[in-house]
Each structure stands twice: as structure tokens, then as C-alpha cells.
Amino acid sequence: RKVEASGAVRLLGARIGGDLACDGGRFLRKGEDALNCDGMSVTGALFLREVEASGEVRLLGARIGGNLVCDGGRFLKKGEDALSCDRMNVAGDLFLRKVEASGAVRLLGARIGGNLSCNGGRFLNEDGRALTGDKMSVTGTLFLREGTTIAGTLDLASAEVGGLVDDPACWPSEGKLILDGFRYARFGGATPATDRRGDWLMRQRRDHLGSSFRPQPWKQAIRVLREMGHDTEARALAIRFEQQRRKAGVFRGMAGVLHDLYGAMAGYGHRPMLLMRWMAAVWLTCALFYQNASDFGVMAPTNPLVFDNPAYTDCRPRAGSLTNWTNSGTCNGPNEYTTFQPLLYSLDLILPLVDLQQDKDWAPMVTRARTSDPKGETEDFPLGHFIRVVMWFEILFGWVASLMFVAILSGLIKKGDEE
């Protein structure tokens with residue numbers, strides 16, 4: 001303990017039975033390595049509490065039978081590797097609480113049997129990787145809370161941890177987070193806010209959000225939220241994932257248009273009930289058009305036995321005028337004939353498998369023969385043409401929306417995070 005060394009201290013391949021305590025030590029060599037323990041084996045714990053190192057501290061391939069405790073340590077090798085623990089194996093916990101590292105802290109391929117706590121640590125390497133856990137494995141939980149500062153890139157590519165407990169205030173700045181391949185079983189701490197994980201994921205490298213879009217981090221977070229029972233947050237994040245895929249250019253041209261339409265109509269399959277709202281809006285809007293068409297006398301019976309019945313001669317259109325078949329006391333048709341109802345008419349069109357007899361018995365008039373013209377010329381009804389287009393739109397919309405709804409509920413359409 002409290003050793004002070006101005007030269008290199010090397011314990012390469014050393015075998016130590018029990019604990020090794022270097023608490024308070026000062027390793028002041030400013031060369032490549034101030035303390036080199038590559039390949040060292042300690043059957044107990046290794047204590048590096050409140051050490052100060054001006055050069056690199058190396059634990060590459062070291063094996064530690066207990067905990068590795070670096071609390072309060074100062075690893076000062078600005079712009080270079082300050083603490084290197086690549087391929088290290090720690091049977092217990094790794095504590096980096098309240099450490100100060102002015103260079104990179106490397107945990108590439110490290111194996112940690114307990115927790116990894118970085119709470120309160122300051123990892124400062126603005127122009128490079130401040131904390132690297134590429135391919136790291138932590139059986140327990142990774143803690144990044146209590147004022148942790150990461151000024152530089154946090155690299156967790158292909159790392160695997162049992163749980164993640166973090167705080168938004170401790171995340172690195174935008175563009176400084178690498179999560180591709182990062183796997184975890186749960187989020188710890190308070191219930192995640194709706195947009196919290198989305199904001200976290202948006203701090204990834206810009207190319208991982210754009211030209212080289214990485215879907216795995218999004219799918220991982222969605223799956224974990226869903227498994228934890230946070231279904232609302234999972235759906236919100238899944239929708240944000242689809243929106244980011246669109247911004248990244250994953251869908252282009254017509255595929256992009258259809259993707260946007262799918263999002264607007266059904267929340268990319270995550271909000272199927274949104275389809276019901278769209279159908280209700282289209283149903284009522286079209287019913288309003290049909291009501292106006294009826295008021296202007298455009299809607300007429302389709303059955304020729306009614307339309308051509310001499311009893312209703314005065315109901316048929318005459319030169320320069322139309323007759324209201326639906327509200328006139330003398331033109332309502334036989335009692336056994338269906339009465340035109342705009343809401344039911346619209347419902348009959350938008351629901352493919354429902355037959356209310358409305359669309360069979362009533363239709364808009366688009367042309368009529370000029371009875372006074374011997375040449376048999378016809379007269380157009382522009383409003384009738386317009387209503388016919390509205391009908392076609394409603395029928396097509398009803399089929400598309402209904403099939404989409406059934407496909408989503410039955411799982412025939414896979415959501416983006418399930419691909």
C-alpha cells in the first residue's frame with residue numbers, strides 16, 4: 001500500500017495466492033506502462049483504491065479470483081490508454097467508482113462474474129473512446145449513475161450484461177455512443193419514461209443512425225421493455241424505430257410511401273386500433289358526402305322496377321332539374337323498398353363483408369338521356385361522377401384497412417422489431 005514508484009512496476013505473469021493491495025500507490029512513470037500486470041493471477045481480490053498512475057496501468061489477460069476495486073483511482077494518460085484490462089477475468093465485482101481517467105479505459109473482451117459499477121466515475125477522452133467494453137461480458141449489472149461523466153465515446157459493441165442501471169445525465173453526448181450488438185436482460189432503476197430509451201438510442205454514432213443504420217440496439221431495447229411489462233413504452237419505441245429507419249433511407253421511393261402510409265394508418269402495426277379511428281373518420285366523412293348528394297337529388301334507386309315505374313314518373317330527373325328521391329313524400333318508393341340512409345350507405349361500402357342492402361338499392365346518377373332530344377344525347381351530372389369516385393375510394397379503403405387489421409392481429413404482417 002501507498003507505494004511510490006517513479007519507474008515501471010511490472011508483475012507480468014505473477015502468481016499471487018491471496019489478495020494484492022496497492023491502495024494509495026503512486027506510479028509516476030510517464031512512459032508506456034507505469035504498472036504492468038499482464039497475465040497476472042490473483043486468487044483473492046486486487047485493490048487499486050486511490051492509486052495515481054501517470055502512465056498506463058495494464059491488466060491484460062489478468063485473472064482475479066475476487067473483486068477488482070479501483071475506487072477513487074486516478075489514471076492519467078491523456079489521449080492514450082490509461083487503464084487497459086482487455087481479456088481480463090474477474091470472478092467477483094469490478095468497481096470503478098469515482099475513478100478519474102484522462103485517457104481510455106479498456107475492457108475489451110473482459111469477463112466479470114459480478115457487477116460492474118462506474119458510479120461517480122469521470123472518463124475523459126474527448127477525441128477517442130473514453131470507456132470501451134467491446135465484447136465484454138458482465139454476469140451482473142452495469143451501473144452508470146450517481147454523477148458518472150463520460151466525455152468521449154462509450155463503446156459497448158457486442159457487450160453482454162445481465163442488467164443496465166443508468167441515468168440520462170450520465171450518458172455521453174450525441175454521436176458518442178456505440179451499442180451495436182449490446183445485449184442485456186433488463187433495465188434497472190425507476191420505470192422507464194416513454195421517450196427515455198429513444199433519446200438514449202439517438203445518442204449513437206451518426207452513421208449508425210443514418211447511412212449504416214444499426215437496427216439491433218433498437219430491437220434489443222424494445223424486446224427488453226416488452227419482457228419487463230412496459231408495453232406502452234415498447235410500442236412508442238418501436239414506432240420511433242420505424243421513423244428512424246425511414247429517415248435513415250432504409251425505405252425509398254414507393255416502398256417509403258407505403259411505409260409512411262402504414263405508419264399513419266396503424267402505427268407500423270403497433271397501434272392496430274388506430275385503423276378503427278381512420279375507418280370511423282372515412283365512414284362519417286363519406287356519409288356527409290352522400291347526404292349532400294341525396295339533398296341535391298343525385299341518389300336514386302337502382303331497381304328499374306322502381307325507377308321506371310309510371311307511378312314515379314315525376315320523380316325522375318327532368319330537363320334542368322333533379323328530384324330528391326330520398327326525402328320527398330311522393331318519391332320515397334314502395335314501402336318494401338329500402339329507405340336511403342347516408343350513414344348505413346357509407347357503412348355498407350366501407351365494411352367489405354357486411355351487406356346492408358343500401359349500396360345494392362341506391363346509387364348516384366351520373367348521366368341521363370335527354371328525353372326531348374331525338375338524337376339520344378345524354379346529360380352529365382358532375383356531382384354524381386364525384387360521388388361515384390368517393391364510393392370507389394371508400395370501398396378500396398375499407399378493403400385495405402380491414403385486411404391490414406386482420407393481418408396485424410393474426411401476425412401475418414410482422415412488425416419492424418420482429419423481422
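## Polar contacts and the overall model

A polar contact is a pair of N or O atoms within 3.5 Å; within protein, one atom must be able to donate a hydrogen and the other to accept it. The side chains of E242 and H259 form such a contact, at 2.8 Å.

The model is a predicted one. Its chain has 10 helices and 30 strands. Of its 419 residues, 50% count as buried. Take the contacts between residues at least 6 apart in sequence: 56% of them join residues at least 24 apart. The chain exposes about 19,900 Å². Carbon and sulfur atoms supply 53% of that area.

## E242 in helix α4

E242 sits in helix α4, which spans residues 231-247. Is E242 buried or exposed? Its relative accessible area is 2%, so E242 is buried, the cut-off being under 20%.

The side chain of E242 has two partners to note. One is the side chain of R245, at a polar contact of 3.0 Å. Another is the side chain of H259, at 2.8 Å.

## Helices α5 and α10

Helix α5 covers residues 253-266, and helix α10 covers residues 382-410. They pack at an angle of about 80°, with axes 12 Å apart. That angle makes α5 roughly perpendicular to α10. Which residues make the contact? From α5 come Y262, M265 and A266. From α10 come F397, A401, M404 and I408. By class, the contact has seven nonpolar residues, no polar ones and no charged ones.

F405 also belongs to helix α10. Its relative accessible area is 17%, so F405 counts as buried. The C-alpha atoms of F405 and M265 are separated by 9.9 Å. Along the chain, these two residues are 140 positions apart. Setting aside neighbours within four places in sequence, F405 is in contact with P272, M273, L275 and M276.

## E56 in strand β10

E56 is in strand β10, residues 56-58. E56 is buried, with a relative accessible area of 7%. Which side chain makes a polar contact with the side chain of E56? The partner is S84, at 2.5 Å.

S84 is also among the residues that E56 touches, leaving out those up to four places away in sequence. The list includes G31, E32, D33, A34 and L35. It also includes K77, D81 and A82.

L96 lies in the loop between β16 (94-95) and β17 (100-101). L96 and G120 are 24 residues apart in sequence. Their C-alpha atoms are 8.4 Å apart in space.

C170 lies in the loop between β24 (160-166) and β25 (177-178). C170 is buried too, at a relative accessible area of 4%. Not counting residues up to four places away in sequence, C170 touches L144, R145, E146, G147, T148 and I150. For G147, the C-alpha to C-alpha distance from C170 is 6.2 Å. In sequence, C170 and G147 are 23 residues apart.

Most residues other than glycine have a negative phi. E50 is not a glycine, yet it has a positive phi of about 55°. E50 is in the loop between β8 (46-47) and β9 (52-53). Is E50 buried or exposed? Its relative accessibility is 59%, so E50 counts as exposed, the cut-off being over 50%.

K135 has a positive phi as well, near 65°, and is a residue other than glycine. K135 is found in the loop between β21 (122-132) and β22 (137-144).

Technical notes: Residues are numbered from 1 along each chain as its sequence is written. This is a predicted model: local features need pLDDT of at least 70, side-chain atom pairs count only at pLDDT 80 or more; totals for chains, interfaces and linings use all residues. Side-chain values use heavy atoms; hydrogens and water are left out. Axes are lines fitted to C-alpha atoms, for helices over the stretch in contact, and angles run from 0 to 180 degrees between N-to-C directions. Helices (H or I, at least four residues) and strands (E, at least two) are DSSP runs, numbered from the N terminus. Angles under 35 degrees count as roughly parallel, over 145 as roughly antiparallel, 65 to 115 as roughly perpendicular and the rest as oblique. Contact means heavy atoms within 4.5 Å. Ala, Val, Leu, Ile, Met, Phe, Trp, Tyr, Cys and Pro count as nonpolar, Asp, Glu, Lys and Arg as charged, and the others, Gly among them, as polar. Buried means under 20% relative accessible area, exposed over 50%, partly exposed in between (1.4 Å probe, protein chains only). Accessible areas come from the Shrake-Rupley method with a 1.4 Å probe; for residues, only the protein chains shown count as cover.
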